[in-house]
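Please look over the sequence and the model, and then read the notes below, which are grouped by topic.

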Protein chains: 2
Amino acid sequence: MNFADRLIAAVRAKQTPVLVGLDPRAESLPAGMLTAKDIVSTAKAYEVFCRGVIDVVAPLVPAVKPQAAFFEQLGPAGCVALGEVVRYAASKGLLVIMDGKRNDIGTTAQAYAEAYLGPGDLSPWGADALTVSPYLGEDSITPFLQTSKDHGAGIFVLVKTSNPGGGRFQDLVADDLPLYRHVAQYVEQLSAATLGENGYGIVGAVAGATYPQQLAELRAAMPHTWLLIPGYGAQGGTAADCAAAFDERGLGAVVNNSRGIIFAHQRDAYREKFGSARWQGAVEAATREMIDQLAAATSAGKLRS
Amino acid sequence: MNFADRLIAAVRAKQTPVLVGLDPRAESLPAGMLTAKDIVSTAKAYEVFCRGVIDVVAPLVPAVKPQAAFFEQLGPAGCVALGEVVRYAASKGLLVIMDGKRNDIGTTAQAYAEAYLGPGDLSPWGADALTVSPYLGEDSITPFLQTSKDHGAGIFVLVKTSNPGGGRFQDLVADDLPLYRHVAQYVEQLSAATLGENGYGIVGAVAGATYPQQLAELRAAMPHTWLLIPGYGAQGGTAADCAAAFDERGLGAVVNNSRGIIFAHQRDAYREKFGSARWQGAVEAATREMIDQLAAATSAGKLRS
């Protein structure tokens with residue numbers, strides 16, 4: 001099944017485009033979860049923590065996005081934990097978008113594709129999608145396409161990122177268009193060539209909630225492309241900032257929140273009510289809050305009717 | 001110790017800038033090495049094969065470059081093998097440049113830096129350097145700097161890559177300069193700010209042997225920056241193509257060869273003489289051949305005097 005259609009089915013089933021980012025950090029884990037500071041114990045704690053998050057959010061959201069960096073930070077032991085987290089999320093019915101921002105050329109890109117793309121036994125890591133960086137050009141992106149088609153998987157290509165320094169290269173203007181628009185054109189071309197039954201293709205774009213004007217521009221320039229929107233919450237993006245990223249059906253965008261949900265027990269709004277002891281209650285409350293905010297401020301609210 | 005000085009010491013000690021790429025592929029392993037096709041057996045075979053390559057090249061070259069993608073292709077078991085390969089290379093006195101082309105922002109980039117950068121116990125993976133993609137801008141590159149400084153490590157930023165499609169975005173012209181020159185300017189600025197005792201900084205640039213004119217241009221535009229040159233051999237780059245990348249001392253560039261060395265037993269020139277049975281002899285012959293070619297055609301020949 002076409003990845004765009006799989007994603008749309010999941011978003012419709014949960015009636016929300018909220019994506020929960022799994023970014024474990026040792027210093028933010030609920031009190032008592034980290035039993036020792038060595039790397040193997042920390043990796044095990046990441047796995048336990050992420051399973052706990054998944055248990056809470058699986059009934060509420062369509063997908064999770066593990067951040068590979070925080071697992072790789074623990075060396076091979078962290079990679080083993082990452083593999084377990086992906087399997088567990090899939091077993092709970094969640095789509096998994098691996099945030100690896102991988103990129104390379106030719107057969108090396110093909111190796112990354114075969115590593116990550118495809119649920120269950122279709123790939124060793126078992127993810128449904130992977131984030132991909134575009135600097136290396138088309139022969140760094142096309143190798144991901146065939147594996148994606150064969151395995152019902154997809155990719156999200158970095159287009160306009162949420163960070164303050166993202167503009168340094170992405171905003172450089174060539175031939176009257178900023179670089180990110182050149183990347184957007186190419187991504188839209190690939191998506192238009194891989195359409196599912198709902199008018200979207202299997203190549204998505206990463207575009208930050210911190211640049212709402214560019215979200216509107218990209219929605220118009222990429223009518224067949226799903227947007228993955230980071231930068232919500234901790235980075236300053238709001239539900240209203242995301243509104244322009246959706247189509248009139250409430251489709252076309254998933255909005256990620258990592259720290260604001262998984263470490264909600266540390267946020268002022270939840271610390272007193274939940275704290276470390278009831279950290280999963282905080283995760284649930286923060287998830288429901290974000291679902292409601294997006295439903296109120298964007299066309300994603302139509303998913304509920 | 002400053003990474004540029006560590007690299008220079010290694011290049012001078014071995015009197016060559018040859019970098020051996022560790023890109024294991026199941027279908028190219030010497031006959032009999034892969035005892036079963038399951039993922040754990042393949043990962044073990046990759047480790048055995050790479051140890052065998054390292055045993056041959058450790059006395060001959062300054063550094064190896066493991067390609068993370070081929071290990072990640074085997075899932076967590078491959079990551080465990082990659083960790084072992086890095087440790088083994090370091091134990092044999094080789095510098096290790098991890099080819100991961102990682103990139104992300106802020107604390108996530110910091111996590112990648114802490115994952116990979118620093119030999120021995122300084123990081124979980126124990127590499128001396130990491131390749132980094134620049135699309136996300138300066139706050140995706142600067143987080144790697146402090147860890148590099150603290151751990152005697154370095155990074156190589158993608159500037160002008162060796163693949164045919166690399167030009168799609170890298171050659172777009174903004175403000176009278178192609179994108180790769182904008183990236184080059186930024187990299188040179190970082191390198192000039194982190195100089196060691198030999199006039200080079202700890203932020204290098206990846207620039208392909210398949211674009212010799214651009215190598216000359218980049219050498220001039222980046223006088224304080226080491227170049228990591230892929231594309232030699234299998235991709236078509238020759239020793240003469242690399243000549244302009246070196247300074248008058250024979251420093252300033254390392255030239256990578258992966259398939260042409262590690263799978264030399266399959267090359268026409270070596271198949272009959274060595275074959276699978278004496279594959280390590282083919283690795284040695286191919287390494288020595290490339291060392292001689294670079295010494296003859298570039299200023300790297302001065303390293304021998």
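Not counting residues up to four places away in sequence, B:Gln73 touches A:Ala111, A:Glu114, A:Ala115 and A:Pro124, where contact means heavy atoms within 4.5 Å. The model is a predicted one, in which local features need pLDDT of at least 70 and side-chain atom pairs count only at pLDDT 80 or more, while totals for chains, interfaces and linings use all residues. Residues are numbered from 1 along each chain as its sequence is written, chains are lettered from A and ligands numbered from 1 in the order in which they are written, and side-chain values use heavy atoms, with hydrogens and water left out.

**Between the chains**

- B:Gln73 lies in the loop between α3 (68-72) and α4 of chain B, with helices (H or I, at least four residues) and strands (E, at least two) taken as DSSP runs numbered from the N terminus.
- The side chain of B:Gln73 also makes a polar contact of 2.7 Å with the side chain of A:Glu114; such a contact is a pair of N or O atoms within 3.5 Å, of which, within protein, one must be able to donate a hydrogen and the other to accept it, and residues adjacent in sequence count only if both atoms are side-chain atoms.
- Helix α4 (residues 76-91) of chain A packs with helix α4 (residues 76-91) of chain B at an angle of about 175°, their axes being 8 Å apart; axes are lines fitted to C-alpha atoms, for helices over the stretch in contact, and angles run from 0 to 180 degrees between N-to-C directions.
- The helices α4(A) and α4(B) are therefore roughly antiparallel to each other, a term for angles over 145 degrees, whereas those under 35 count as roughly parallel, 65 to 115 as roughly perpendicular and the rest as oblique.
- In this packing, A:Pro76, A:Cys79, A:Val80 and A:Gly83 of α4(A) meet B:Pro76, B:Cys79, B:Val80 and B:Gly83 of α4(B).

**The annotated lysine**

- UniProt, in an unreviewed entry, gives the annotation "active site" to A:Lys101; its positions are given in the numbering used here, feature names are shortened, and annotations may be inferred rather than shown by experiment.
- A:Lys101 lies in strand β3 (residues 95-102) of chain A and is buried, with a relative accessible area of 8%; buried means under 20%, exposed over 50% and partly exposed in between (1.4 Å probe, protein chains only).
- Leaving aside neighbours within four places in sequence, the contacts of A:Lys101 include A:Gln67 and A:Thr131 in chain A, and B:Lys101 and B:Asp104 in chain B.
- The side chains of A:Lys101 and A:Asp99 are joined by a polar contact of 2.9 Å.

**A helix and a loop in chain A**

- Helix α6 (residues 142-151) of chain A has buried residues, among them A:Phe144, A:Leu145 and A:His151, and its buried residues pack against α5, β4, β5 (154-160), α8 (179-192) and β8 (203-207) of chain A.
- A:Ser123, found in the loop between α5 (106-116) and β4 (129-132) of chain A, is buried, with a relative accessible area of 4%.

**Positive phi values**

- Most residues other than glycine have a negative phi.
- A:Asp176, which is not a glycine, has a positive phi of about 70°; A:Asp176 is exposed, with a relative accessible area of 75%.
- B:Gln15 has a positive phi near 60° and is partly exposed, with a relative accessible area of 35%.
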